[in-house]
Amino acid sequence: MRRVVITGMGIYSCIGKNLNEVKESLYAGRSGIGIEAIRTEFGYRSPLTGILDRPVLKGVLDRRLRTGMAEEGEFAYMATVEALANAKIDNTFLENNEIGIIYGNDSSAKAVIEAHEIIKEKRDTTLLGSGAIFQSMNSTVTMNLSTIFKLRGINFTVSAACASGSHSIGLGYMYIRNGLQDMVICGGAQEINAYSMGSFDGLSAFSVRIDEPTKASRPFDAHRDGLVPSGGAATLILEEYEHAVQRGADIIAEVVGYGFSSNGTHISQPSNEGCLKAMQRALDDAGMKPSEIDYINAHATSTPIGDTNEAIALDALFSKTRPLISSTKSMTGHECWMAGASEVVYSTLMMLNSFVAPNINFETPDEYSARLNIATHTENKEINAYLSNSFGFGGTNSALIIKKVI
Amino acid sequence: MTRQEIIDTTNEFLIDEIEVEKESIAEDSRLKDDLGIDSLDFVDIAVIVERKFGFKIKAEEMMSVQTLGEFYNYIDSKINR
(Lines give C-alpha, C1' and ligand atoms only; values in the text may rest on other atoms or scores of the structure.)
Protein backbone atom coordinates (compact mmCIF):
# COMPACT_ATOMS: atom_id res chain seq x y z
CA MET A 1 0.00 0.00 0.00
CA ARG A 2 1.30 3.45 -0.91
CA ARG A 3 2.15 5.72 2.03
CA VAL A 4 0.72 9.24 2.28
CA VAL A 5 2.69 12.07 3.84
CA ILE A 6 2.17 15.75 4.54
CA THR A 7 4.79 17.88 2.79
CA GLY A 8 3.30 21.34 3.24
CA MET A 9 0.96 23.25 5.53
CA GLY A 10 -0.57 26.73 5.56
CA ILE A 11 -2.96 28.46 7.91
CA TYR A 12 -4.95 31.70 8.06
CA SER A 13 -6.87 31.83 11.32
CA CYS A 14 -7.97 34.03 14.20
CA ILE A 15 -4.96 32.90 16.25
CA GLY A 16 -2.44 33.70 13.52
CA LYS A 17 -2.09 34.32 9.81
CA ASN A 18 0.79 31.93 9.22
CA LEU A 19 2.35 28.81 10.73
CA ASN A 20 4.75 30.67 12.97
CA GLU A 21 2.16 33.02 14.47
CA VAL A 22 -0.19 30.10 15.04
CA LYS A 23 2.49 27.98 16.69
CA GLU A 24 3.22 30.80 19.13
CA SER A 25 -0.47 31.34 19.90
CA LEU A 26 -0.98 27.62 20.53
CA TYR A 27 1.99 27.49 22.88
CA ALA A 28 0.86 30.63 24.71
CA GLY A 29 -2.76 29.47 24.93
CA ARG A 30 -3.89 32.68 23.22
CA SER A 31 -7.55 33.16 22.30
CA GLY A 32 -8.66 34.68 19.00
CA ILE A 33 -12.22 35.36 20.15
CA GLY A 34 -13.83 38.80 20.31
CA ILE A 35 -17.06 40.67 19.67
CA GLU A 36 -18.47 41.82 16.32
CA ALA A 37 -20.99 44.54 17.14
CA ILE A 38 -23.01 44.21 13.92
CA ARG A 39 -24.21 40.78 15.03
CA THR A 40 -26.16 42.47 17.82
CA GLU A 41 -27.73 44.84 15.26
CA PHE A 42 -28.66 41.79 13.17
CA GLY A 43 -30.51 40.27 16.13
CA TYR A 44 -27.99 37.58 17.03
CA ARG A 45 -28.22 36.15 20.55
CA SER A 46 -24.42 36.30 20.68
CA PRO A 47 -21.99 38.73 19.01
CA LEU A 48 -19.03 36.50 19.93
CA THR A 49 -16.85 35.31 17.04
CA GLY A 50 -13.30 34.61 16.01
CA ILE A 51 -11.82 37.89 14.77
CA LEU A 52 -10.10 37.74 11.38
CA ASP A 53 -9.51 40.37 8.69
CA ARG A 54 -9.94 39.66 5.00
CA PRO A 55 -6.63 39.67 3.16
CA VAL A 56 -6.06 42.46 0.62
CA LEU A 57 -5.46 40.70 -2.70
CA LYS A 58 -5.67 43.67 -5.07
CA GLY A 59 -2.21 43.97 -6.57
CA VAL A 60 -1.47 40.36 -5.59
CA LEU A 61 -3.89 38.53 -7.86
CA ASP A 62 -5.27 39.53 -11.24
CA ARG A 63 -8.81 40.98 -11.13
CA ARG A 64 -10.32 38.05 -13.02
CA LEU A 65 -8.84 35.63 -10.47
CA ARG A 66 -10.18 37.71 -7.55
CA THR A 67 -13.67 38.44 -8.82
CA GLY A 68 -15.07 34.96 -8.21
CA MET A 69 -13.61 34.58 -4.75
CA ALA A 70 -15.77 34.91 -1.67
CA GLU A 71 -14.25 35.59 1.72
CA GLU A 72 -13.55 31.92 2.46
CA GLY A 73 -11.84 31.56 -0.91
CA GLU A 74 -9.52 34.43 -0.04
CA PHE A 75 -8.69 32.77 3.28
CA ALA A 76 -8.04 29.50 1.45
CA TYR A 77 -5.83 31.26 -1.10
CA MET A 78 -3.66 32.68 1.69
CA ALA A 79 -3.36 29.31 3.43
CA THR A 80 -2.58 27.54 0.16
CA VAL A 81 0.13 30.01 -0.88
CA GLU A 82 1.86 29.30 2.43
CA ALA A 83 1.36 25.54 2.12
CA LEU A 84 2.77 25.40 -1.42
CA ALA A 85 5.82 27.43 -0.38
CA ASN A 86 6.20 25.18 2.66
CA ALA A 87 6.13 22.17 0.30
CA LYS A 88 8.68 23.83 -2.02
CA ILE A 89 6.21 23.86 -4.89
CA ASP A 90 6.66 26.78 -7.29
CA ASN A 91 4.84 27.84 -10.45
CA THR A 92 7.09 25.73 -12.68
CA PHE A 93 6.28 22.63 -10.62
CA LEU A 94 2.56 23.44 -10.79
CA GLU A 95 2.74 23.76 -14.57
CA ASN A 96 4.61 20.49 -15.04
CA ASN A 97 2.90 18.15 -12.57
CA GLU A 98 -0.62 16.89 -12.03
CA ILE A 99 -1.90 18.03 -8.63
CA GLY A 100 -5.43 17.57 -7.31
CA ILE A 101 -7.54 19.52 -4.85
CA ILE A 102 -10.15 18.25 -2.38
CA TYR A 103 -11.19 21.02 -0.01
CA GLY A 104 -13.87 21.31 2.66
CA ASN A 105 -16.47 24.07 2.48
CA ASP A 106 -20.17 24.03 3.24
CA SER A 107 -21.51 27.55 2.70
CA SER A 108 -21.01 30.85 0.98
CA ALA A 109 -23.81 32.75 2.64
CA LYS A 110 -22.55 36.32 2.21
CA ALA A 111 -22.32 36.03 -1.57
CA VAL A 112 -25.80 34.47 -1.79
CA ILE A 113 -27.39 37.09 0.49
CA GLU A 114 -25.73 40.04 -1.26
CA ALA A 115 -26.87 38.76 -4.65
CA HIS A 116 -30.38 38.35 -3.31
CA GLU A 117 -30.38 41.92 -2.00
CA ILE A 118 -29.39 43.25 -5.45
CA ILE A 119 -32.13 41.19 -7.12
CA LYS A 120 -34.69 42.54 -4.67
CA GLU A 121 -33.61 46.12 -5.29
CA LYS A 122 -32.88 46.07 -9.03
CA ARG A 123 -35.14 43.24 -10.27
CA ASP A 124 -32.44 42.51 -12.83
CA THR A 125 -30.04 39.58 -12.62
CA THR A 126 -27.60 41.09 -15.13
CA LEU A 127 -26.68 43.65 -12.47
CA LEU A 128 -25.25 41.01 -10.12
CA GLY A 129 -21.83 41.11 -11.76
CA SER A 130 -19.73 38.26 -13.05
CA GLY A 131 -18.43 37.06 -9.69
CA ALA A 132 -21.76 36.32 -7.97
CA ILE A 133 -22.23 32.81 -9.29
CA PHE A 134 -18.64 31.72 -8.63
CA GLN A 135 -18.72 33.20 -5.12
CA SER A 136 -22.10 31.68 -4.26
CA MET A 137 -21.51 27.99 -4.83
CA ASN A 138 -20.27 25.64 -2.12
CA SER A 139 -17.46 24.65 -4.48
CA THR A 140 -16.25 28.27 -4.65
CA VAL A 141 -12.94 27.41 -2.98
CA THR A 142 -11.96 24.51 -5.23
CA MET A 143 -13.14 26.21 -8.43
CA ASN A 144 -11.08 29.31 -7.66
CA LEU A 145 -7.95 27.64 -6.32
CA SER A 146 -7.83 25.13 -9.17
CA THR A 147 -7.93 28.04 -11.62
CA ILE A 148 -5.39 30.18 -9.78
CA PHE A 149 -2.88 27.37 -9.27
CA LYS A 150 -3.54 25.69 -12.65
CA LEU A 151 -4.43 22.35 -11.05
CA ARG A 152 -5.21 19.44 -13.36
CA GLY A 153 -5.91 16.51 -11.03
CA ILE A 154 -8.94 15.55 -8.98
CA ASN A 155 -11.01 18.65 -8.19
CA PHE A 156 -14.04 18.81 -5.90
CA THR A 157 -15.40 20.22 -2.66
CA VAL A 158 -16.36 18.21 0.39
CA SER A 159 -19.51 19.50 2.06
CA ALA A 160 -19.86 17.56 5.29
CA ALA A 161 -20.78 20.24 7.82
CA CYS A 162 -18.19 20.58 10.59
CA ALA A 163 -16.35 17.47 9.44
CA SER A 164 -15.72 18.84 5.91
CA GLY A 165 -12.05 19.68 6.42
CA SER A 166 -11.31 16.34 8.05
CA HIS A 167 -13.05 14.31 5.36
CA SER A 168 -11.12 16.29 2.71
CA ILE A 169 -7.87 14.98 4.19
CA GLY A 170 -9.32 11.48 4.48
CA LEU A 171 -10.34 11.51 0.84
CA GLY A 172 -7.05 12.99 -0.36
CA TYR A 173 -5.30 10.24 1.59
CA MET A 174 -7.44 7.59 -0.11
CA TYR A 175 -6.84 8.98 -3.61
CA ILE A 176 -3.08 8.88 -3.07
CA ARG A 177 -2.96 5.58 -1.19
CA ASN A 178 -4.94 3.91 -3.97
CA GLY A 179 -2.61 5.18 -6.67
CA LEU A 180 -5.02 7.61 -8.31
CA GLN A 181 -3.01 10.74 -7.47
CA ASP A 182 0.52 11.53 -6.28
CA MET A 183 -0.28 14.88 -4.78
CA VAL A 184 -3.52 16.46 -3.52
CA ILE A 185 -4.12 19.86 -1.93
CA CYS A 186 -6.50 19.30 0.99
CA GLY A 187 -7.98 21.66 3.53
CA GLY A 188 -10.97 23.47 4.83
CA ALA A 189 -12.32 27.02 4.60
CA GLN A 190 -14.91 28.83 6.66
CA GLU A 191 -16.46 32.25 6.10
CA ILE A 192 -16.55 34.39 9.24
CA ASN A 193 -18.86 37.27 8.27
CA ALA A 194 -22.01 38.27 10.14
CA TYR A 195 -24.31 36.99 7.37
CA SER A 196 -23.01 33.46 7.63
CA MET A 197 -23.91 32.45 11.16
CA GLY A 198 -27.37 33.88 11.82
CA SER A 199 -29.23 30.63 11.28
CA PHE A 200 -26.78 28.73 13.49
CA ASP A 201 -27.10 31.43 16.18
CA GLY A 202 -30.85 30.95 15.90
CA LEU A 203 -30.49 27.45 17.35
CA SER A 204 -29.24 29.04 20.61
CA ALA A 205 -26.08 26.99 20.19
CA PHE A 206 -23.67 29.87 20.76
CA SER A 207 -22.10 30.98 24.01
CA VAL A 208 -23.51 34.20 25.48
CA ARG A 209 -20.60 34.79 27.84
CA ILE A 210 -20.32 38.22 26.27
CA ASP A 211 -18.56 39.91 29.19
CA GLU A 212 -15.58 37.58 28.83
CA PRO A 213 -15.06 36.79 25.13
CA THR A 214 -11.79 34.90 25.59
CA LYS A 215 -13.42 32.70 28.24
CA ALA A 216 -16.55 31.95 26.23
CA SER A 217 -15.23 28.87 24.43
CA ARG A 218 -14.60 26.35 27.19
CA PRO A 219 -14.82 22.79 25.84
CA PHE A 220 -15.38 20.08 28.46
CA ASP A 221 -15.75 22.64 31.28
CA ALA A 222 -18.79 22.14 33.51
CA HIS A 223 -19.85 25.77 32.97
CA ARG A 224 -19.71 25.79 29.16
CA ASP A 225 -22.76 27.37 27.56
CA GLY A 226 -22.24 26.92 23.83
CA LEU A 227 -19.76 27.32 21.01
CA VAL A 228 -18.21 30.45 19.50
CA PRO A 229 -18.27 30.55 15.68
CA SER A 230 -15.03 31.29 13.89
CA GLY A 231 -13.39 30.92 10.49
CA GLY A 232 -10.41 31.16 8.17
CA ALA A 233 -8.71 28.40 6.19
CA ALA A 234 -6.13 25.67 6.51
CA THR A 235 -4.32 23.84 3.71
CA LEU A 236 -2.27 20.65 3.71
CA ILE A 237 -0.26 19.25 0.81
CA LEU A 238 -0.69 15.47 0.80
CA GLU A 239 1.81 13.50 -1.21
CA GLU A 240 2.82 9.93 -1.91
CA TYR A 241 5.88 9.07 0.18
CA GLU A 242 8.26 8.00 -2.62
CA HIS A 243 7.18 10.96 -4.74
CA ALA A 244 8.08 13.28 -1.87
CA VAL A 245 11.43 11.58 -1.29
CA GLN A 246 12.36 11.70 -4.97
CA ARG A 247 11.77 15.42 -5.30
CA GLY A 248 13.59 16.15 -2.04
CA ALA A 249 10.58 17.50 -0.16
CA ASP A 250 10.66 17.91 3.61
CA ILE A 251 8.35 15.27 5.02
CA ILE A 252 6.38 16.78 7.87
CA ALA A 253 4.22 13.84 9.00
CA GLU A 254 2.37 10.78 7.73
CA VAL A 255 -1.37 10.25 7.45
CA VAL A 256 -1.86 6.68 8.65
CA GLY A 257 -5.53 6.37 9.57
CA TYR A 258 -8.90 7.64 8.41
CA GLY A 259 -12.11 6.58 10.09
CA PHE A 260 -15.65 7.68 9.43
CA SER A 261 -19.23 6.93 10.37
CA SER A 262 -22.71 8.33 10.17
CA ASN A 263 -24.90 8.40 13.27
CA GLY A 264 -28.13 7.72 11.41
CA THR A 265 -30.10 9.41 14.15
CA HIS A 266 -30.80 13.09 14.83
CA ILE A 267 -29.89 15.99 12.53
CA SER A 268 -28.19 18.02 15.28
CA GLN A 269 -27.82 15.75 18.30
CA PRO A 270 -24.47 13.93 18.47
CA SER A 271 -23.96 10.25 19.20
CA ASN A 272 -21.16 8.79 21.29
CA GLU A 273 -21.56 5.53 19.36
CA GLY A 274 -20.92 7.32 16.06
CA CYS A 275 -17.82 9.07 17.47
CA LEU A 276 -16.51 5.80 18.81
CA LYS A 277 -17.02 3.98 15.52
CA ALA A 278 -15.10 6.63 13.56
CA MET A 279 -12.18 6.57 16.02
CA GLN A 280 -12.03 2.77 16.11
CA ARG A 281 -12.11 2.65 12.32
CA ALA A 282 -9.20 5.12 12.13
CA LEU A 283 -7.20 2.98 14.57
CA ASP A 284 -7.99 -0.17 12.57
CA ASP A 285 -7.00 1.58 9.33
CA ALA A 286 -3.70 2.63 10.90
CA GLY A 287 -3.13 -0.80 12.43
CA MET A 288 -2.59 0.92 15.77
CA LYS A 289 -3.70 0.38 19.36
CA PRO A 290 -5.11 3.14 21.61
CA SER A 291 -1.88 3.00 23.63
CA GLU A 292 0.04 4.29 20.60
CA ILE A 293 -1.89 7.58 20.53
CA ASP A 294 0.02 10.28 22.44
CA TYR A 295 -2.40 13.16 21.98
CA ILE A 296 -6.00 13.68 20.93
CA ASN A 297 -7.25 16.91 19.41
CA ALA A 298 -10.90 16.61 20.38
CA HIS A 299 -13.74 17.93 18.29
CA ALA A 300 -15.28 19.37 21.51
CA THR A 301 -16.92 22.65 20.53
CA SER A 302 -18.06 23.78 24.00
CA THR A 303 -21.70 22.78 23.63
CA PRO A 304 -23.13 20.91 26.62
CA ILE A 305 -24.36 17.81 24.77
CA GLY A 306 -21.66 17.54 22.10
CA ASP A 307 -18.74 17.53 24.52
CA THR A 308 -20.48 15.03 26.76
CA ASN A 309 -20.96 12.55 23.94
CA GLU A 310 -17.38 12.88 22.78
CA ALA A 311 -16.12 12.50 26.36
CA ILE A 312 -18.09 9.25 26.71
CA ALA A 313 -16.61 7.94 23.45
CA LEU A 314 -13.06 9.00 24.35
CA ASP A 315 -13.35 7.37 27.76
CA ALA A 316 -14.62 4.15 26.24
CA LEU A 317 -11.60 3.88 23.96
CA PHE A 318 -8.81 5.49 25.96
CA SER A 319 -9.66 4.90 29.65
CA LYS A 320 -6.65 2.63 30.13
CA THR A 321 -4.01 4.72 28.40
CA ARG A 322 -5.40 8.23 29.09
CA PRO A 323 -3.50 10.24 26.45
CA LEU A 324 -3.43 14.02 26.75
CA ILE A 325 -6.50 15.62 25.23
CA SER A 326 -7.25 19.23 24.32
CA SER A 327 -9.71 21.05 22.16
CA THR A 328 -7.99 23.89 20.34
CA LYS A 329 -11.47 25.33 19.79
CA SER A 330 -11.01 26.74 23.30
CA MET A 331 -8.70 29.29 21.61
CA THR A 332 -9.96 29.43 18.03
CA GLY A 333 -13.68 28.98 18.52
CA HIS A 334 -15.43 26.55 16.22
CA GLU A 335 -13.97 26.90 12.74
CA CYS A 336 -16.75 24.70 11.37
CA TRP A 337 -16.07 23.58 7.74
CA MET A 338 -12.40 24.46 8.23
CA ALA A 339 -11.94 22.85 11.65
CA GLY A 340 -11.03 19.31 10.60
CA ALA A 341 -8.16 20.65 8.49
CA SER A 342 -6.99 23.45 10.79
CA GLU A 343 -6.88 21.10 13.74
CA VAL A 344 -4.56 18.80 11.80
CA VAL A 345 -2.33 21.83 11.16
CA TYR A 346 -2.49 22.80 14.87
CA SER A 347 -1.78 19.26 16.07
CA THR A 348 1.02 18.74 13.55
CA LEU A 349 2.65 21.98 14.73
CA MET A 350 2.47 20.59 18.28
CA MET A 351 3.99 17.28 17.13
CA LEU A 352 6.81 19.04 15.29
CA ASN A 353 7.57 21.26 18.27
CA SER A 354 6.97 18.68 21.03
CA PHE A 355 4.22 20.33 23.02
CA VAL A 356 0.51 19.92 23.71
CA ALA A 357 -1.49 23.13 23.51
CA PRO A 358 -3.84 23.76 26.41
CA ASN A 359 -7.59 23.37 26.49
CA ILE A 360 -7.92 26.90 27.87
CA ASN A 361 -10.84 27.70 30.18
CA PHE A 362 -11.10 24.08 31.35
CA GLU A 363 -11.49 24.92 35.03
CA THR A 364 -14.19 22.64 36.39
CA PRO A 365 -14.62 19.11 35.05
CA ASP A 366 -18.10 17.65 34.75
CA GLU A 367 -19.04 14.04 35.38
CA TYR A 368 -17.80 12.93 31.95
CA SER A 369 -14.79 15.16 31.30
CA ALA A 370 -13.41 14.27 34.77
CA ARG A 371 -12.55 10.86 33.33
CA LEU A 372 -10.29 12.35 30.65
CA ASN A 373 -6.68 13.54 30.81
CA ILE A 374 -7.33 17.09 29.59
CA ALA A 375 -4.35 19.44 29.21
CA THR A 376 -5.17 22.54 31.25
CA HIS A 377 -1.76 24.11 30.56
CA THR A 378 0.79 23.88 27.77
CA GLU A 379 2.71 20.66 28.25
CA ASN A 380 6.13 20.06 26.73
CA LYS A 381 5.82 16.52 25.48
CA GLU A 382 7.00 14.43 22.59
CA ILE A 383 4.15 13.34 20.33
CA ASN A 384 4.71 10.46 17.95
CA ALA A 385 1.11 9.98 16.88
CA TYR A 386 -2.12 11.87 17.40
CA LEU A 387 -5.82 11.48 16.70
CA SER A 388 -7.98 14.36 15.46
CA ASN A 389 -11.77 14.17 15.67
CA SER A 390 -14.39 16.07 13.67
CA PHE A 391 -18.14 15.65 13.84
CA GLY A 392 -20.89 17.48 11.98
CA PHE A 393 -24.62 18.07 11.60
CA GLY A 394 -26.44 15.15 10.08
CA GLY A 395 -24.27 12.81 12.13
CA THR A 396 -21.21 12.81 9.86
CA ASN A 397 -18.07 11.79 11.77
CA SER A 398 -14.42 11.75 10.75
CA ALA A 399 -11.28 10.75 12.64
CA LEU A 400 -7.70 11.03 11.41
CA ILE A 401 -4.48 9.58 12.79
CA ILE A 402 -1.24 11.33 11.92
CA LYS A 403 2.22 10.03 12.80
CA LYS A 404 5.77 11.28 12.83
CA VAL A 405 7.86 9.88 10.01
CA ILE A 406 10.93 8.37 11.61
CA MET B 1 -22.77 65.10 -19.82
CA THR B 2 -20.20 66.10 -22.45
CA ARG B 3 -18.34 63.51 -24.52
CA GLN B 4 -15.13 64.40 -22.64
CA GLU B 5 -16.85 63.74 -19.32
CA ILE B 6 -18.02 60.38 -20.64
CA ILE B 7 -14.47 59.57 -21.72
CA ASP B 8 -13.01 60.59 -18.35
CA THR B 9 -15.59 58.62 -16.35
CA THR B 10 -15.22 55.55 -18.56
CA ASN B 11 -11.43 55.58 -18.51
CA GLU B 12 -11.43 56.00 -14.75
CA PHE B 13 -13.53 52.90 -14.10
CA LEU B 14 -11.72 50.88 -16.74
CA ILE B 15 -8.41 51.58 -14.99
CA ASP B 16 -9.59 51.44 -11.35
CA GLU B 17 -12.24 48.75 -11.41
CA ILE B 18 -11.58 46.62 -14.50
CA GLU B 19 -7.82 47.11 -14.06
CA VAL B 20 -7.10 47.85 -17.72
CA GLU B 21 -3.53 49.07 -18.32
CA LYS B 22 -3.56 52.89 -18.47
CA GLU B 23 -1.14 52.87 -21.42
CA SER B 24 -3.50 50.77 -23.54
CA ILE B 25 -6.33 53.33 -23.36
CA ALA B 26 -6.93 55.04 -26.75
CA GLU B 27 -9.94 55.81 -28.97
CA ASP B 28 -8.93 53.12 -31.47
CA SER B 29 -8.08 50.45 -28.86
CA ARG B 30 -10.08 47.30 -29.48
CA LEU B 31 -11.95 46.22 -26.36
CA LYS B 32 -11.11 42.53 -26.56
CA ASP B 33 -7.79 42.37 -28.37
CA ASP B 34 -6.08 45.51 -27.02
CA LEU B 35 -7.69 46.00 -23.62
CA GLY B 36 -8.10 42.28 -22.85
CA ILE B 37 -11.76 42.65 -21.85
CA ASP B 38 -13.47 39.24 -21.88
CA SER B 39 -17.12 38.19 -21.73
CA LEU B 40 -17.16 38.12 -17.92
CA ASP B 41 -15.61 41.61 -17.78
CA PHE B 42 -18.50 42.88 -19.91
CA VAL B 43 -20.91 41.61 -17.25
CA ASP B 44 -19.09 43.73 -14.66
CA ILE B 45 -18.89 46.71 -17.03
CA ALA B 46 -22.69 46.58 -17.41
CA VAL B 47 -23.05 46.86 -13.63
CA ILE B 48 -20.67 49.82 -13.48
CA VAL B 49 -22.29 51.61 -16.44
CA GLU B 50 -25.68 51.31 -14.76
CA ARG B 51 -24.22 52.82 -11.58
CA LYS B 52 -22.24 55.62 -13.32
CA PHE B 53 -24.51 56.52 -16.23
CA GLY B 54 -27.92 55.28 -15.12
CA PHE B 55 -28.81 53.06 -18.07
CA LYS B 56 -28.59 49.38 -18.82
CA ILE B 57 -26.34 48.09 -21.56
CA LYS B 58 -28.14 45.80 -23.99
CA ALA B 59 -26.03 42.92 -25.26
CA GLU B 60 -27.46 43.16 -28.77
CA GLU B 61 -26.55 46.86 -29.00
CA MET B 62 -22.99 46.10 -27.95
CA MET B 63 -22.48 43.67 -30.84
CA SER B 64 -21.30 46.45 -33.13
CA VAL B 65 -19.10 48.12 -30.50
CA GLN B 66 -15.51 47.03 -31.14
CA THR B 67 -13.29 49.93 -30.08
CA LEU B 68 -13.13 52.18 -27.05
CA GLY B 69 -14.11 55.16 -29.19
CA GLU B 70 -17.24 53.30 -30.31
CA PHE B 71 -17.98 52.49 -26.66
CA TYR B 72 -17.79 56.20 -25.73
CA ASN B 73 -20.14 56.96 -28.64
CA TYR B 74 -22.54 54.20 -27.51
CA ILE B 75 -22.72 55.67 -23.99
CA ASP B 76 -23.09 59.18 -25.45
CA SER B 77 -25.97 58.04 -27.64
CA LYS B 78 -27.78 56.43 -24.71
CA ILE B 79 -27.55 59.32 -22.25
CA ASN B 80 -27.64 62.34 -24.57
CA ARG B 81 -30.33 61.34 -27.05
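1. Let's start with S354(A). With 11 C-beta neighbours inside 10 Å, S354(A) counts as exposed (a residue is buried if 20 or more other C-beta atoms lie within 10 Å of its own, exposed if 12 or fewer, and partly exposed in between, with C-beta atoms placed from the backbone). You'll find S354(A) in the loop between α15 and β11 (355-356) of chain A; helices (H or I, at least four residues) and strands (E, at least two) are DSSP runs, numbered from the N terminus. Phi of S354(A) is near 55 degrees, a positive value although the residue is not glycine. Most residues other than glycine have a negative phi.

2. Before going on, a word on what you're looking at. This is a predicted model, in which local features need pLDDT of at least 70 and side-chain atom pairs count only at pLDDT 80 or more, while totals for chains, interfaces and linings use all residues. Residues are numbered from 1 along each chain as its sequence is written, and chains are lettered from A and ligands numbered from 1 in the order in which they are written.

3. Another positive phi turns up at C336(A), near 45 degrees, again in a residue other than glycine. C336(A) sits in the loop between α14 (329-332) and α15 of chain A. Is C336(A) buried or exposed? C336(A) counts as buried, with 32 C-beta neighbours inside 10 Å.

4. Now for α15 itself and its partner α9. Helix α9 (residues 164-177) and helix α15 (residues 339-353), both of chain A, pack at about 70 degrees with their axes 4 Å apart. Axes here are lines fitted to C-alpha atoms, for helices over the stretch in contact, and angles run from 0 to 180 degrees between N-to-C directions. α9(A) and α15(A) are therefore roughly perpendicular to each other (under 35 degrees counts as roughly parallel, over 145 as roughly antiparallel, 65 to 115 as roughly perpendicular and the rest as oblique).

5. L19(A), V22(A), K23(A) and L26(A) from α1(A) meet Y346(A), L349(A), M350(A) and N353(A) from α15(A). By class, that contact has six nonpolar, one polar and one charged residues.

6. M350(A) is among the residues with the most contacts inside the largest nonpolar core, which has 112 residues (a nonpolar core is a set of buried Ala, Val, Leu, Ile, Met, Phe, Trp, Tyr and Cys residues joined through C-beta atoms within 7 Å). Apart from that core lies another, of 15 residues, including L31(B), V47(B), I57(B) and I75(B). Leaving aside neighbours within four places in sequence, M350(A) is in contact with L26(A), Y295(A), F355(A), V356(A), A357(A) and I383(A).

7. Over in chain B, helix α2 (residues 39-53) has 15 residues and reaches 21 Å from its first C-alpha to its last, close to the 21 Å expected at 1.5 Å a residue (the expected span is 1.5 Å times one less than the number of residues). Among its buried residues are V43(B), I45(B), V47(B) and V49(B). The buried residues of α2(B) pack against α4 (68-79) of chain B. G54(B) follows α2(B), with a positive phi near 75 degrees.

8. Where do the two chains touch? The contact takes eight residues from chain B and six residues from chain A. The chain B side has five nonpolar, no polar and three charged residues.

9. S261(A) lies in strand β8 (residues 253-262) and is buried, with 21 other C-beta atoms within 10 Å. S261(A) and N397(A) are 136 residues apart in sequence but 5.2 Å apart in space, C-alpha to C-alpha. D285(A), in helix α12, is buried with 21 other C-beta atoms within 10 Å.

Terms used: Two residues are in contact if their C-beta atoms, placed from the backbone, lie within 7 Å. Ala, Val, Leu, Ile, Met, Phe, Trp, Tyr, Cys and Pro count as nonpolar, Asp, Glu, Lys and Arg as charged, and the others, Gly among them, as polar.
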